[in-house]
Amino acid sequence: MITVSELTKRYARHTAVDSISFNVEKGQIVGFLGPNGAGKTTTMRILTCFMPPTSGTAQVAGFDVLEQPLEVKKRIGYLPENPPLYPEMSTTEYLSFVGSLKGLSGAELRQRIDYVSDRCAVADVKDKLLGKLSKGYRQRVGLAQAIIHNPDVLILDEPTAGLDPKQINETRDLIKSLAGDHTIVLSTHILPEVEQICQQVIIINKGKLVATDSVNNLQNRARGVESLLVEVAGRNGNIDPAAVQRRLEQINGISRVVVKDNRHNRWIFEVDSRKDTLVRGDLARAVVEAGWDLNELRTAAVSLEEIFLQLTGDQPSAPAPEAVPTGAN
Amino acid sequence: MRNTWIICRKEMRSYFASPIAYLLLTMFAFIFGWFFWNILGYFVSMGVASMQRGQMMPMNINEEVIRPLLANVGVIGLFFIPLITMRLFAEEKRTGTIELLVTSPITDMEVILGKWLAAMLLYGCMLLVTALNFAFLFKYGHPDWKPLVIGYLGLYLQAGALLAVGTFISTLTKNQIIAGAVTFAVCLMLWVLEWVSGGGFETAKWAQVLSYMSVINHYESFAKGMLSSKDAIYYVSLIFFGLFLTARSMESLRWRS
């Protein structure tokens, strides 16, 4: 649905996007991930024909953004970072204006206005002036205008930025529910958002493509081993963490044990184990048999955050988990 | 064409949904009314005076009331044109709605024409308000209507040219005040360019060119009630030039932004 190859956008002094290539399949939700200033907005603006690339090509639904911009624009719904609202219009007037800009008219336009107002939950403010709407409503009206002409591709620039947590969840659910009908590209710098909504993620940093893969693959990539968090406490309130560590290291299948935290004589260890072994039972038994209490045993979620940091190399992080020899005791 | 109309309607709604249009119309009506009342008052008192003296000087209402009044409409319009055009693009750029227009399946020219037409319609409304005053002349006198119509046509063409220039200037900035101020300065310069011919440079080629470019020079014939194609072409080409610059500016906006 979207094909980008060698896309570059140079400004007078810096390169905002540096020869990026990726593909987006029909019907997918793709997360465009990167820190602020990574080139997300620039890439999206090129895809929406807002600005031309310096070099490289981008195609949307088979049409080139430079050669046939009108055809591309017909097939794209775009929500910029700040919803492009006219404060002096009411919600319905606005949707009607955008709808007619996108080529709708008559009964079809009226029907689409009703549909998107309903879908984006803005029907209750349909006669209110946009300038008087709250941030959450403004964002939803923005989404409503993006889908009014039922476009093949939806491009959403930081759709949840500036919303409160409840609104964020509502917006995410709304975006997920739109996935069936549209191919969606959304940009964000919030990692859990990508984990929650997207099937595929494109990570860029400083204008360069860092990784493009499915969310599952990326998570697995960092999860050749499973990290467990184990919280151990002593019966009499005093335990020797070194003893616990030694005991845990003896368990078959555990490759690394480090002390993570210590609160009121409860010690938390991070334990790396081979994924396919049944270490949890052994681990629990070993702790209890040694006379300690096992307070908690859970998987340490490998967040995209870690992957992201590893990939972008912004911060020196722990050695890549793949490096740990899996068979080692 | 359809898209141009959609944009035009949206702009008209912005003018009339906010106080802008009403404020401009009211101020324009008030100021023009003041001019009308004074010029007419002078004309009437001259008439009375000439009768008292027993001289029957021929007085021509077209020459002595309508013609100076129309020239004044042009001058008053000069102050109002920046107020009409300054928001056209500057506001869209400031609020980011320009992104919606540019990413919609319509061409730049349709956007520009729509906006310029809306400005023309608003100015047309202002001219209509002034026409109410002239209606009184027809009730109590017998002015010739043809020079009046041609005078209005000239005013409208002149305004169209200045509105096109203002539309162009509005694309250059996000700030309405700057757009308005620059438009006013440019329109005023275009207005007074012809003074150069009175400054002792009458024969210099460059002075003649500058003088030719002055918008007021080309109004003379319309004011006299003559439809001169040469002057009409001047205004029309200035309109085209202004809109052409607007299109180029909008294009460069994309390359730069």
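How many residues of strand β3 (residues 29-33) of chain A are buried? Five of its five, so to speak the whole strand is mostly covered (buried means 20 or more other C-beta atoms within 10 Å of a residue's own, with C-beta atoms placed from the backbone). This is a predicted model: local features need pLDDT of at least 70, side-chain atom pairs count only at pLDDT 80 or more, and totals for chains, interfaces and linings use all residues. Residues are numbered from 1 along each chain as its sequence is written, and chains are lettered from A in the order in which they are written.

**Around β3(A)**
- A:I29, A:G31 and A:L33 point one way, while A:V30 and A:F32 point the other.

**Around β1(A)**
- Strand β1 (residues 2-10) of chain A is antiparallel to strand β4 (residues 55-60) of chain A, with five bridges; A:S5 faces A:T57 there.
- Six bridges tie β1(A) to the antiparallel strand β2 (residues 15-24) of chain A, and a hairpin of four residues links the two.

**Where chain A meets chain B**
- 21 residues of chain A are in contact with 17 of chain B (C-beta atoms, placed from the backbone, within 7 Å).
- On chain A's side, α3(A) gives the most, with four residues.

Note on methods: Two strands pair if DSSP finds at least two bridges between them. Two residues are in contact if their C-beta atoms, placed from the backbone, lie within 7 Å. A residue is buried if 20 or more other C-beta atoms lie within 10 Å of its own, exposed if 12 or fewer, and partly exposed in between; C-beta atoms are placed from the backbone.
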